[in-house]
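I opened the model today and kept notes as I went. The entries follow in the order I looked things up.

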Amino acid sequence: MADALLVRVYGRKTELLVDRETELRNFQVLRAHGCAPKLYCAFQNGLCYQFLPGIALGPDHVRDPHIFRLVAREMARVHAIHANGSLPRPILWQKLHKYLSLVKTELSPKVSNASLPRDVPGPEALEQELAWMEETLSQLGSPVVLCHNDLLCKNIIYDRTRERVRFIDYEYTGCNYQAFDIGNHFNEFAGVKEVDYGLYPSKETQLQWLHSYLQAYKELTQGQPGDSQVSQEELETLYVQVNKFSLASHFFWACWGLIQDKYSTIDFNFLRYAKLRFKQYFKMKPVVTALQVPK
């Protein structure tokens with residue numbers, strides 16, 4: 001295993017969903033800051049890089065306070081990478097508009113198929129939801145930072161011997177809202193193969209996680225070593241932002257699932273997954289809309 005390395009070959013039509021040049025650039029940025037493995041080479045349809053020892057996390061691990069504190073701190077490290085320079089715009093809206101236009105152009109006959117209307121909203125309804133999110137969420141004041149954007153359990157490697165976690169797979173990495181990255185990760189507590197939103201972290205768990213995160217983020221960006229104080233107001237504000245942005249995460253992966261359902265050769269029911277994410281989006285929308293950022 002000391003000589004192991006990873007060769008990754010891109011999936012069919014994934015270039016519709018992922019910008020490979022950007023992925024490569026972000027991989028190198030993360031590597032330069034000690035947040036990614038060594039990259040040995042890139043070729044036309046894949047990458048070859050260092051194998052990271054450890055276990056890929058499962059839904060049980062991410063709820064373990066010891067491990068989730070490591071995850072929170074590692075996410076803070078990634079988010080702090082560009083915190084001092086001028087920041088580009090978040091990629092969220094551009095990506096969502098792109099995915100939605102793909103859903104409309106590539107899948108319209110399929111999506112308006114008579115058997116789907118109850119599960120998959122029509123293109124006009126999706127347009128309205130996206131416009132509503134863009135207006136509402138972009139006003140929440142969440143900082144734009146370098147984000148992983150796809151922090152599902154299996155993309156987190158826990159190395160017990162070094163007591164640290166590392167993130168892998170940077171296909172969706174890019175500048176985005178801090179709260180999106182965290183909200184997206186919290187959604188992933190529910191799992192992928194067998195999705196159970198009963199596993200979404202409770203407010204108490206979230207506040208512990210966010211406290212670890214904010215402490216690390218402040219130390220890294222404000223140069224205050226040791227015990228950075230995190231106020232109750234900061235904590236509550238981030239909690240509200242994160243739970244509101246978790247909606248955008250449901251919407252993002254639901255559109256993604258519809259596109260994958262058409263093209264992917266992977267043995268996975270992408271359509272069922274897309275429907276689950278849309279269902280959760282509409283279920284949680286009134287709940288998170290009621291949350292107020294502390295004045």
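I started with the contacts of Leu 92, taking contact as heavy atoms within 4.5 Å. Leaving out residues up to four places away in sequence, Leu 92 touches Asn 176, Tyr 177, Phe 180, Phe 245, Ala 248 and Phe 252. This is a predicted model, where local features need pLDDT of at least 70, side-chain atom pairs count only at pLDDT 80 or more, and totals for chains, interfaces and linings use all residues. Residues are numbered from 1 along each chain as its sequence is written, and side-chain values use heavy atoms, with hydrogens and water left out.

Helices (H or I, at least four residues) and strands (E, at least two) are DSSP runs, numbered from the N terminus.

Where does Asn 149 sit? I found it in the loop between strand S5 (144–147) and strand S6 (156–159). Asn 149 counts as buried because its relative accessibility is 3%; buried means under 20% relative accessible area, exposed over 50%, partly exposed in between (1.4 Å probe, protein chains only). I listed its contacts beyond four places in sequence, including Ile 91, Tyr 172, Asp 181 and Trp 253.

**Entry 3, the sheet.** I traced an open sheet of three strands, order S1-S3-S2, with antiparallel pairing. Strands pair if DSSP finds at least two bridges between them. Four bridges join S2 to S3 (residues 46–50). Ala 42 stands opposite Leu 47 in S3.

On a 1 Å grid over the protein atoms alone, a pocket is an open set of points where a 1.4 Å probe fits, with protein on both sides within 12 Å along at least five of seven lines; lining residues have an atom within 4 Å of a point. Of the 33 lining residues, Leu 152, Val 192, Trp 256, Ile 266 and Phe 270 are the closest to the centre. H7 gives the most to the lining, three residues.
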